[in-house]
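Hi,

Here is the structure I promised to pass on. Have a look at it first, and my notes follow below.

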Amino acid sequence: MLWFRYRAGVVEESERLVHVADPEMPMGGSYLVSPCGRRFDRGDLDEADEPAKFPPVTGQDRAEPCLMCVMRAMLAAPARFDRPEQE
Ligand SMILES: [Zn+2]
């Protein structure tokens, strides 16, 4: 999965959530579409670290992930994420 967020200065800091895109998803070339239904111009983006924990730890100096994107990534690769409970 490809994690990314807006570059600093493109949008307000509160809008700079970390989103994900499926690398296998057909790409339009100059933009990415995330599972939360948003379209991002590649030129406005920075790569981001994969969020390590869910729910995310807030109040630290780290990017806050988009929850819908995180859940989509968990469904795609559940073994790679810590889960609070095993079923
Ligand atoms: Zn998202």
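How many helices and strands does the protein chain have? The protein chain has 1 helix and 5 strands, where helices (H or I, at least four residues) and strands (E, at least two) are DSSP runs numbered from the N terminus. Read from the N terminus on, the order of elements is β-β-β-β-β-α.

Two points on conventions before the rest. This is a predicted model, so local features need pLDDT of at least 70 and side-chain atom pairs count only at pLDDT 80 or more, while totals for chains, interfaces and linings use all residues. Residues are numbered from 1 along each chain as its sequence is written.

An open sheet of 3 strands has the order 2-1-5, with antiparallel pairing; two strands pair if DSSP finds at least two bridges between them. Strand 2 and strand 5 are the edge strands, each pairing on one side only. On average, neighbouring strands of this sheet are turned by 45 degrees against each other, direction ignored (axes are lines fitted to C-alpha atoms, for helices over the stretch in contact, and angles run from 0 to 180 degrees between N-to-C directions).

Strand 1 pairs with strand 2 in the antiparallel sense over 3 bridges, and Leu2 has Ala21 in strand 2 as its bridge partner. Strand 1 is mostly covered, with 4 of its 5 residues buried. By buried I mean that 20 or more other C-beta atoms lie within 10 Å of the residue's own, against 12 or fewer for exposed and partly exposed in between, with C-beta atoms placed from the backbone. Over the protein chain, buried residues make up 21% of the 87 residues.

**The core and the helix**

Which residues make up the largest nonpolar core? There are 11 residues in all: Trp3, Phe4, Leu17, Val18, Val20, Ala21, Leu32, Cys66, Cys69, Val70 and Ala73. A nonpolar core is a set of buried Ala, Val, Leu, Ile, Met, Phe, Trp, Tyr and Cys residues joined through C-beta atoms within 7 Å. Strand 1 (2-6), strand 2 (19-21) and helix 1 (67-76) each supply at least two residues of this core, and its largest share, 3 residues, comes from helix 1.

In helix 1 the buried residues are Cys69, Val70 and Ala73. Seen down the helix axis, they fall within an arc of 100 degrees, so they line one face of helix 1; the arc is that of the directions from the helix axis to the C-beta atoms. These buried residues pack against strand 2.

**Contacts and a loop**

Two residues are in contact if their C-beta atoms, placed from the backbone, lie within 7 Å. Leaving aside neighbours within four places in sequence, Ala21 is in contact with Leu2, Phe4, Leu32, Val33 and Ser34.

Pro51 lies in the loop between strand 5 (45-47) and helix 1. Why does Pro51 count as buried? Because Pro51 has 22 C-beta neighbours inside 10 Å. Pro51 and Pro65 are 14 residues apart in sequence and 6.7 Å apart in space, C-alpha to C-alpha.

Best wishes
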